[in-house]
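I set out below what I looked up in this structure, entry by entry. The sequence and the model come first.

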Amino acid sequence: MEFYIVMLMTMIIAFALRVAAIKGDLVPSWVGRLFGRPKLEEALTEAAAELGLKVQFDKTSILQRINRIRLYGRVDGQEVSLEQDVGSVRGLGRDEAGGFLRISPPRGVAHHIQVRREDVVSGLKKLFVGADIQTGDRAFDKALRIEGDSEAGVIGVFDCEMRRLLYQRVGLGDWVVDGEGIRLKLGRLPPSVATVTGLLREGVELSRHFDRDDSVEDRLCRNLRLETNIGVRVRNLEMLLGTPRTHRIQLAIMDAASDPAWDVSVRAAEALGLEGQARLASAAASAPPPIAKRAVAALGRLNNEEARAAVRMAIEHPDETVAASAAATAAELRDAGAVPALGAALSSSRGSAVRIAAAKALGLLGSEASRIALAARVQDGDPGVALAAIAALARCGSVDDIVALLDVEQGGDRKLRAAARNAIASIQAQLDSREPGWLSVAEQQAADGALSLDTSAPMGSLSMGGRSARSTG
């Protein structure tokens, strides 16, 4: 009997404390935390009153504790619904929560888009499934994972205002936007009126951002023109270049060719071809090295006199990677007019990469001036340059270059000697069908002499160790 009396008194005291806490009576703070109205419940109720929303409570337990609150109605004319768990256990002031925010579907959503914060799971998904959609905003792309059924559609939507809205609120849960509406799966919502009202208003703003009649093409063109982030402008341009070329897209690309950012303007100029040639020539001379190299390659594809002249100038570019790229491009174009610039680069004091590229280019061009420039560098102080010059002579050399190669063959570097012997053999193979005379190189030098041209032997053969030698063909 005493047990039941104690239980009844405990229940009466708990109920009284609960009522007192709700009404704000003077009770110890720990009582308010344990039995009082949770902060999140208060925040949701106050936010509903501020926004003019209706409130629905789901209650349970003998003390009629509220487990779930639903706010619904219109915010700025848009249908919204926010359901939030406020938790079944609130000991020591804890407010466990989870729920959903739903906003009526906007008209402008033709695709499915999902946004979530990057975590370990999304990192593994990138590794095994593939990368998500990149907007070009590095900070945004690093923090969030975006998936959708249309890359161009997603990139067109994600302008600076959209990225701001999602970046601010995506930490609260995962966003899904499609024809069924805007839905945010909530985690633990902070117990703050400002947070709740801000979330609802920004969700409505997000919906209105979608609720436009403009097409994907319109959005891409607008972003390309108005975005301040260069990476985002590049991504929007890439999407435009991948769509059928309409008159409006052509105008947008032409405008982009004069963009102050080299990365944007060079890509646009590439797409324009001859119309963008002036911008490409300027980029090859003045843009940062990676973009300058891209411009040089684009000029090579144009392959007209103005483009070739710009490539020749790029051989003198202060950045060695650009200069080497220009030398290779000039060789691909078979531009005989580039020989003076290539010869100057080969004989200069620039780095090995530029000089080796110049030697290879001269070997491919194969003019008389090319051979003279190459023969002068077969004993260059840089072994890499010397080997490149010898290899180039093997491709384009003539009998006039044999003396220089024989001098190398007598040198002390084994690689250079072997390269010189191979070059002489290659020149012999080329001369057999064009000039009288043969060349031969002994496997080992004779003890009494080195290789030399035998001017007294018939048909210009070689003498070795004082003996005339002729190949058998």
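This is a predicted model: local features need pLDDT of at least 70, side-chain atom pairs count only at pLDDT 80 or more; totals for chains, interfaces and linings use all residues.

I took helices (H or I, at least four residues) and strands (E, at least two) as DSSP runs, numbered from the N terminus. Residues are numbered from 1 along each chain as its sequence is written, and side-chain values use heavy atoms, with hydrogens and water left out.

Entry on loops. I found Arg334 in the loop between helix 16 (320–332) and helix 17 (339–346). Arg334 is not a glycine, yet its phi is positive, near 55 degrees. I noted a positive phi of about 55 degrees for Asp76 as well, again not a glycine. Asp76 lies in the loop between strand 2 (65–75) and strand 3 (78–85).

Entry on the whole chain. I counted 22 helices and 11 strands in the protein chain. Of its 473 residues, 47% are buried, meaning under 20% relative accessible area with a 1.4 Å probe, protein chains only. I also looked at contacts (heavy atoms within 4.5 Å). Among those between residues at least 6 apart in sequence, 56% join residues at least 24 apart.

Entry on a helix pair. I examined helix 9 (residues 216–226) and helix 10 (residues 230–241), which pack at an angle of about 145 degrees with their axes 8 Å apart. The axes are lines fitted to C-alpha atoms over the stretch in contact, and angles run from 0 to 180 degrees between N-to-C directions. On the helix 9 side, the contact is made by Glu217, Arg219, Leu220, Cys221, Asn223 and Leu224; on the helix 10 side, by Arg233, Asn236, Leu237, Met239 and Leu240.

Entry on aromatic rings. I found 1 aromatic pair in the structure; rings of Phe, Tyr and Trp (its six-membered ring) pair if their centres lie within 6.5 Å, and planes under 30 degrees apart count as stacked, over 60 as edge-to-face and the rest as tilted. The ring centres of Phe140 and Phe158 are 5.9 Å apart and the planes stand at 55 degrees, so this pair is tilted. Phe140 belongs to helix 5 (residues 138–143), and Phe158 to the loop between helix 6 (151–157) and helix 7 (160–169). I recorded both Phe140 and Phe158 as buried.

Entry on charges over rings. I applied the criterion that NZ of Lys or CZ of Arg is within 6 Å of the ring centre and within 35 degrees of the ring normal. The charged end of Arg70 sits over the ring of Tyr72, 4.3 Å from its centre. Arg279 lies over the face of Trp262, at 4.1 Å from the ring centre.

Methods
Buried means under 20% relative accessible area, exposed over 50%, partly exposed in between (1.4 Å probe, protein chains only).
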